[in-house]
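Subject: Structure handover

Hello,

Here is the structure for you to look through. Please open it first, then read my notes below.

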Amino acid sequence: MVRVVTDSTADIPADMIAALGITVIPSYVVFGSESYRDEVELTKQEFYEKLRSTRLIPTTAAPPPAVYDETYRKLAEETSEIVSIHLASRYSALYSSAVLAANNISEARIAVVDSEQVTMGYGWMVVAAAEAAQRGASVEQIVTLVEEMKPRSH
């Protein structure tokens, strides 16, 4: 079965992630000099509390390609096909990190998709991809599905 990977900026609810078997790579949330792994070291609740209590405007940072590499290698022990869908490349280096790592993996075929969207705009693409994977869709079918969703997602 095809496995689906995304990053935490997709904002998919935890129960959906678990039910669909989606692998989520945490991005980094940065408040000034403090950096946190999203949803690991900083929950959404804590994020909003920090937002209210500081004048700092948070930014995000991509995990290094090594994090994607490790994730892909671990998944390659279970499957030979992975679809990895990420935040719009024009806003973040998340997509680039995923591409760099995917190019180093020979144990599985990995299709990395630039969602061209943010938050649940691409979260729904990830959900649809995972549902298609559960129905037995191929990498090509899943990538086509996601590409067809792009112009309809906002």
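**Helix α6**

In helix α6, residues 139-149, the buried residues include V139, I142, V146 and M149. Looking down the axis of α6, these buried residues fall within an arc of 95°, so they line one face of the helix. The arc is that of the directions from the helix axis to the C-beta atoms. An α-helix has 3.6 residues a turn, so residues three or four places apart point the same way. What do the buried residues of α6 pack against? Their partners are β6 (81-86), β7 (109-114) and α5 (119-134).

Some terms. Buried means under 20% relative accessible area, exposed over 50%, and partly exposed in between (1.4 Å probe, protein chains only). Contact means heavy atoms within 4.5 Å. Helices (H or I, at least four residues) and strands (E, at least two) are DSSP runs, numbered from the N terminus.

This is a predicted model: local features need pLDDT of at least 70, side-chain atom pairs count only at pLDDT 80 or more, and totals for chains, interfaces and linings use all residues. Residues are numbered from 1 along each chain as its sequence is written, and side-chain values use heavy atoms, with hydrogens and water left out.

**Helix α4**

Helix α4 covers residues 94-102, and its buried residues are L94, S97, A98, A101 and A102. They cover an arc of only 130° around the axis, which puts them on the same side of α4. They pack against β1 (3-7), α3 (65-76), β6 and β7.

**V127 in α5**

V127 sits in helix α5. Is V127 buried or exposed? V127 is buried, with a relative accessible area of 3%. Leaving out residues up to four places away in sequence, V127 touches I12, M16 and L20. E34 is another matter: V127 and E34 are 93 residues apart in sequence and 31 Å apart in space, C-alpha to C-alpha.

**The whole protein**

The protein has 6 helices and 7 strands. From the N terminus on, the order is β-α-β-β-β-α-β-α-β-α-β-α-α. Buried residues make up 47% of the 154 residues. Of the contacts with a separation of 6 or more, 70% come from residues 24 or more positions apart.

The C-alpha trace spans about 45 × 30 × 30 Å along its principal axes. A compact globule of 154 residues would have a radius of gyration near 15 Å; the protein has 15 Å, which agrees. That radius is taken over C-alpha atoms, and the globule rule is 2.2 Å times the number of residues to the power 0.38.

Best wishes
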